[in-house]
Amino acid sequence: MRVFVDALLPCQPTPQWRWPEACHLLSDDLDALELFGRRLGLRDNWLQWSRSGTPHFDLTRHMRTRALLMGAIELSRQEADLIVQFWRRRSAAALARLRSEKA
């Protein structure tokens, strides 16, 4: 099971997110991401899908540290972008299949 965390970045706290920084828990396998999230203590309904179609969980500094201790792999911003590109291509391929089935 390969699950990754990217770098902590500053963010603007909101009523839904009160912390001043966050990172993402990512994977190229949705099942692995969901399982790891549960093991980490995250709720299933905290799973988010970015505009690029990338499933992820937002993590606090503390949860990031716990994820790394549990075996998550630290990624640079450029490496995390490869995961985003993977999901973007997968979404585009699924959309193309749907369109060809309708034709």
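Colleague: Leaving aside its neighbours within four places in sequence, which residues is Trp46 in contact with?
Modeller: In this predicted model, Trp46 is in contact with Gly41, His56 and Phe57, once neighbours within four places in sequence are set aside.

Colleague: And where is the place of Trp46 in the chain?
Modeller: Trp46 sits in the loop between α1 and β4, the strand at 48-49.

Colleague: How far apart are the C-alpha atoms of Trp46 and Arg66?
Modeller: Those C-alpha atoms are separated by 17 Å, and the two residues are 20 residues apart along the chain.

Colleague: Let us step back. How many helices and strands are there in the chain?
Modeller: The chain has 3 helices and 6 strands. Read along the sequence, they follow the pattern β-β-β-α-β-β-α-β-α.

Colleague: What box do the C-alpha atoms fill?
Modeller: Taken along the principal axes, the box is roughly 50 × 30 × 25 Å.

Colleague: How many residues are in the chain, and what percentage count as buried?
Modeller: The chain has 103 residues, of which 32% count as buried. Its accessible surface comes to about 7,000 Å², and carbon and sulfur atoms account for 54% of that surface.

Colleague: What does Leu40 touch?
Modeller: Not counting residues up to four places away in sequence, Leu40 touches Leu25, Leu59, Met63, Arg66, Ala67 and Met70.

Colleague: How far apart are the C-alpha atoms of Phe36 and Trp87?
Modeller: They are separated by 18 Å, with the residues 51 residues apart along the chain.

Colleague: What about contacts between residues 24 or more positions apart?
Modeller: Such pairs account for 57% of the contacts in the chain that have a separation of 6 or more.

Colleague: New topic: how many disulfides does a search of the whole structure find?
Modeller: The search finds 0 disulfides. Cys11 is in no disulfide, and its nearest cysteine sulfur, that of Cys23, is 10 Å away. Cys23 is likewise in no disulfide, with the sulfur of Cys11 as the nearest cysteine sulfur.

Colleague: Are Cys11 and Cys23 buried or partly exposed?
Modeller: Cys11 has a relative accessible area of 27%, so Cys11 is partly exposed. Cys23 has 1% relative accessibility and therefore counts as buried.

Colleague: Then Asp81. Where does Asp81 lie?
Modeller: Asp81 lies in helix α3, which covers residues 77-102. Asp81 counts as partly exposed because its relative accessibility is 36%.

Colleague: How far is the C-alpha atom of Asp81 from that of Asp6?
Modeller: The two C-alpha atoms are separated by 9.6 Å, while the residues are 75 residues apart along the chain.

Colleague: Last one: how many positive and negative charges does the chain have?
Modeller: There are 16 positive and 12 negative charges, and the mean positions of the two groups are 3 Å apart.

Key: Residues numbered from 1 in each chain as written. Predicted model: local features only at pLDDT ≥ 70, side-chain atom pairs only at ≥ 80, totals over all residues. Heavy atoms only, no water. Contact = heavy atoms within 4.5 Å. Helix = DSSP H or I, 4+ residues; strand = E, 2+ residues; numbered from the N terminus. Buried < 20%, exposed > 50% of the residue type's maximum accessible area, 1.4 Å probe, protein only. Areas by Shrake-Rupley, 256 points an atom, 1.4 Å probe, with all protein chains shown as cover. Lys, Arg positive; Asp, Glu negative; His and termini not counted. Charge placed at Lys NZ, Arg CZ, Asp CG, Glu CD. Disulfide = S-S within 2.5 Å.
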